[in-house]
Amino acid sequence: MNKMWAGRTAGALDKTADDFNSSIAVDKRMYRQDIEGSMAHAAMLGAKGIISSADSSLIIDTLGAILDDIESGKLSIAADAEDIHMFVEAELTSRIGDVGRRLHTARSRNDQVALDLRLYLRDECEEIVARICKLIAAVFKVAEANKTTIMPGYTHLQRAQPITFGHHLLAYAMMLIRDAGRIGDAKRRMNVSPLGCCALAGTTYPIDRAMTAASLGFGAVALNSLDGVSDRDFCVELESALAILMMHLSRFSEEIILWSSFEFGFVTLSDAYTTGSSIMPQKKNSDMAELVRGKSGRVYGNLFATLTMLKGLPLAYNKDMQEDKEAVFDSVDTVKACLEVFAPMVETMEVHADAMYKAAQGGFINATDLADYLVKKGEPFRSAYKTVGQIVAYAVREKTVLDDIPLEIYKGFDANFDADLYEAIKLETCVKKRVSAGGTSEASFAAERDFVAAFLEKNEVK
């Protein structure tokens, strides 16, 4: 295929070098954005008299026909094209001849690719946020159904204090809401048009950058032409936000894997989101959760790949930057796939409230409440802490639990203990009396539930 840039060189690359140089396999997914950007550019060229109105209209109409043909399958994107930009321009020129060659006036592939990538990722940000919202809705549904389901809360993976399963799940809803916000922030900052920056220095033609920016839905234009073509902050920022999202999904996955094990037995995953063993017939493996946990690594890697690619580049555009798309596209695809499977996996899991409650009865997780009981009797917390530590040591030796220790034994440790201590250290009491904002009480849960519900309503998630 003849190269559009032939002139200074013959444009005849060695076959291996040509394949190495080509990016069509990666950037062909941006065909719609490339065509829409070209249509906006042609409209501006015609409006400013840089090309004739007739040529502008013909270019726009033909680009529209090319788009329709690609989407209908009538036109296949050539695998031997150098990139999507050259493919579209070559197809346009083959259809309308010299008029098609006028399209690239006052434009470079440098600002063109930056434009296409911003447009593409802007659309993907919206899709990812929509999928995050679906997951939040699934988490919200299960949390609401388990707002009084008592389970042990953990620190250091040791039983710590009683909480509810609903409260635990809404912690992930809060993380996911922040993830949606970070991606929204990245989208706002990427919504700046580089079109018109050309190769690096702008153009001598009297173009109207604000016109093309407005027609493509951008909020502003890049104010520095060098920055406009060489900036890939928006890729790094999005990849960073996606890496944080994957970290949250990985932590959630790890807990689901633990909860669904025989050792915990807190939940059972639907058969639709588990697999079996080729040799052990009893196995039911949480493979979807494990894959999400594993795929977090590739999204982290894509972030570091982009940062490393950019770190030594002088201004403005360098061919190294062709490597930006493969990394960010992979992160986008990976995150979308993980979110797509995660929401129904959460929504369909069976919760075993009895197993959670039984686990909460062990491990002395009401010990803090026993110490607080003494504090309310007037003792300093540190003194109460030491006394309760001694009582726990006694319970361990006697193989009993705090709820079953006789009152006379308690009084032997501290005369302030009375019969009302048993009500104070009931698991239900421990949960209900944590009335501080963000705690486990009914009122606190209602506040966080309302916050999540308002977010879902704002994002029109049913």
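Modeller: Let's start with a definition: a polar contact is a pair of N or O atoms within 3.5 Å, and within protein one must be able to donate a hydrogen and the other to accept it. Keep in mind that this is a predicted model.

Biologist: Which atoms come together in this way at the start of H5?

Modeller: A side-chain oxygen of Asp83 reaches to within 3.1 Å of the backbone nitrogen of His85. At the other end, just after H5, Gly97 takes a positive phi of about 65°.

Biologist: How do I read the length of H5, and what span is expected?

Modeller: Compare the end-to-end C-alpha distance with 1.5 Å a residue. H5 covers residues 84–96, 13 residues in total, and spans 18 Å from its first C-alpha to its last, close to the 18 Å expected.

Biologist: How many residues of H5 are buried?

Modeller: Here buried means under 20% relative accessible area. In H5, 10 of the 13 residues are buried, so this helix is largely enclosed by the rest of the structure.

Biologist: On to rings. How many aromatic pairs are there?

Modeller: The count comes to 11 aromatic pairs. In one of them, Phe252 and Phe342 have ring centres 5.2 Å apart and planes at 45°, so the pair is tilted. Phe252 belongs to helix H11 (residues 233–259) and Phe342 to helix H13 (residues 324–347), so this pair links distant parts of the chain, 90 residues apart. Both partners are buried, Phe252 at 1% relative accessibility and Phe342 at 0%.

Biologist: Are the rings of Tyr373 and Phe417 stacked or tilted?

Modeller: Planes under 30 degrees apart count as stacked. For Tyr373 and Phe417 the planes are at 10° and the centres 5.8 Å apart, so the pair is stacked. Tyr373 is in helix H15 (residues 367–376), while Phe417 is in the loop between helix H17 (407–413) and helix H18 (421–424), so the pair ties together parts that are 44 residues apart in sequence.

Biologist: Which charged ends sit over rings?

Modeller: Two cases are worth a look. The charged end of Arg122 sits over the ring of Phe218, 5.0 Å from its centre. Arg382 has its charged end over the ring of Tyr385, also with 5.0 Å to the centre.

Biologist: Where is Asn366, and what is it in contact with?

Modeller: Asn366 is in the loop between helix H14 (353–361) and H15. With 5% relative accessibility, Asn366 counts as buried. A polar atom of its side chain lies 2.9 Å from the backbone oxygen of Ile425. Leaving aside neighbours within four places in sequence, Asn366 is in contact with Leu402, Asp403, Ile425 and Cys430. Cys430 is itself buried, at 0% relative accessible area.

Biologist: How many disulfides does the model have?

Modeller: The cut-off is 2.5 Å between cysteine sulfur atoms, and the count comes to 0 disulfides. For Cys235, the nearest cysteine sulfur is that of Cys125, 10 Å away. Cys235 is buried, at 0% relative accessibility.

Definitions and conventions:
Residues numbered from 1 in each chain as written. Predicted model: local features only at pLDDT ≥ 70, side-chain atom pairs only at ≥ 80, totals over all residues. Heavy atoms only, no water. Helix = DSSP H or I, 4+ residues; strand = E, 2+ residues; numbered from the N terminus. Expected span 1.5 Å × (residues − 1). Buried < 20%, exposed > 50% of the residue type's maximum accessible area, 1.4 Å probe, protein only. Phe/Tyr/Trp six-rings, centres within 6.5 Å; stacked < 30°, edge-to-face > 60°. Lys NZ or Arg CZ within 6 Å of the ring centre and 35° of its normal. Contact = heavy atoms within 4.5 Å.
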